[in-house]
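Biologist: Hello! Could you walk me through some of the labels used for this model, and what each one rests on?

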Amino acid sequence: MSGWQALADEAARWRDAGRTAELWWRDDDAIDATPSLDRLVGLVRDTQTPLALAVVPAQATPALAARLAGEPEVDVLQHGYAHANHALGSEKKIELGVQRPAMMTLGELATGWMALERLFGSRALAVMVPPWNRIAPMLVPTLPEIGYRGLSTFGPRPRVHPVRGLLQVNTHVDLIDWKGGRVFVGEQATLAGLVAALAQARAGGGEPVGILSHHLAMDAGAWDFLRSLWERMKTLENIRVRPARALFGP
């Protein structure tokens with residue numbers, strides 16, 4: 001069975017259950033107006049698919065804000081502060097960890113949020129996307145205290161609300177094989193991951209399933225797959241692609 005047929009069959013299972021699956025699209029590491037960003041925005045326009053763009057505030061430029069000004073289908077999320085690795089020794093890369101005082105980390109996040117508000121206004125959502133999808137558990141309860149209402153990492157979420165006032169909506173399918181040459185993971189592997197994530201969501205509480213892309217790092221195969229996926233979504237019943245603004249609230 002092809003991956004596309006397996007996806008159609010999973011959509012049919014949602015239909016037979018009288019339910020609608022929620023799918024969303026997050027792209028990480030935006031900093032500037034680039035040819036890759038133009039290609040990304042062009043794909044959003046061509047397929048009429050809403051996009052959540054995770055922007056690195058310490059590096060975000062006015063040119064990026066200007067480029068997105070006329071793109072109502074693109075929401076902006078906060079991608080840490082500077083996408084700086086503070087891991088020690090053999091630790092996995094992390095910016096929002098415990099290697100530095102918590103007040104220093106939270107101060108940077110607040111500075112980053114002010115930068116996003118200044119550049120993007122109401123387009124920016126108070127949603128934290130930790131670089132490398134990692135955040136120290138001790139920092140999570142502080143996020144709503146400093147104004148964030150959403151958190152987005154990778155993989156099935158342990159809870160809908162990790163702490164009071166904070167909604168978690170994750171991504172589940174990464175298009176890039178980071179350890180295998182930073183190339184497209186492949187159509188069949190991506191579709192298998194998507195079908196598995198949708199099936200798990202159907203068996204559980206209907207968690208939104210997220211596609212994760214990186215416009216600055218994608219090869220031709222990843223770009224072609226994204227276009228095929230979003231075009232195919234128009235033909236499948238009971239899978240609805242949702243904007244981040246609708247998932248996290250205005």
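Modeller: Gladly! A salt bridge here is a side-chain nitrogen of Lys or Arg within 4 Å of a carboxyl oxygen of Asp or Glu. This is a predicted model, where local features need pLDDT of at least 70 and side-chain atom pairs count only at pLDDT 80 or more, while totals for chains, interfaces and linings use all residues. Residues are numbered from 1 along each chain as its sequence is written, and side-chain values use heavy atoms, leaving out hydrogens and water.

Biologist: What makes Arg202 and Glu10 a salt bridge?

Modeller: Their closest N and O atoms are 2.7 Å apart, and the cut-off is 4 Å, so the pair qualifies. By this rule the count comes to 13 salt bridges.

Biologist: Which parts of the chain does the pair of Arg202 and Glu10 tie together?

Modeller: Arg202 belongs to helix 5 (residues 187-203) and Glu10 to helix 1, so the pair ties together parts that are 192 residues apart in sequence. Helices are DSSP runs of H or I with at least four residues, strands are runs of E with at least two, and both are numbered from the N terminus.

Biologist: Which other salt bridge does Glu10 form?

Modeller: Glu10 also pairs with Arg13, with the closest N and O atoms 3.1 Å apart. Both lie in helix 1 (residues 3-16), three residues apart, about one turn of the helix.

Biologist: Why is Glu10 called buried?

Modeller: Buried means under 20% relative accessible area, exposed means over 50%, and partly exposed is in between (1.4 Å probe, protein chains only). Glu10 has 1%, so Glu10 counts as buried. Arg13 at 41% is partly exposed, and so is Arg202 at 26%.

Biologist: How do you know that Asp46 forms a salt bridge with Arg227?

Modeller: The closest N and O atoms of Asp46 and Arg227 are 3.3 Å apart, so they meet the 4 Å rule. This pair links distant parts of the chain, with Asp46 in helix 2 (residues 35-47) and Arg227 in helix 6 (residues 220-233), 181 residues apart. Asp46 is partly exposed at 46%, as is Arg227 at 35%.

Biologist: Is Ser152 buried or exposed?

Modeller: Ser152 has 0% relative accessibility, so Ser152 counts as buried. Ser152 sits in the loop between strand 5 (150-151) and strand 6 (167-168).

Biologist: What does the side chain of Ser152 reach?

Modeller: The side chain of Ser152 reaches the backbone oxygen of Val169 at 2.7 Å. Ser152 also touches residues including Trp24, Met128 and Phe248, where contact means heavy atoms within 4.5 Å.

Notes: A polar contact is a pair of N or O atoms within 3.5 Å; within protein, one must be able to donate a hydrogen and the other to accept it, and residues adjacent in sequence count only if both atoms are side-chain atoms. Lists of a residue's contacts leave out its neighbours within four places in sequence.
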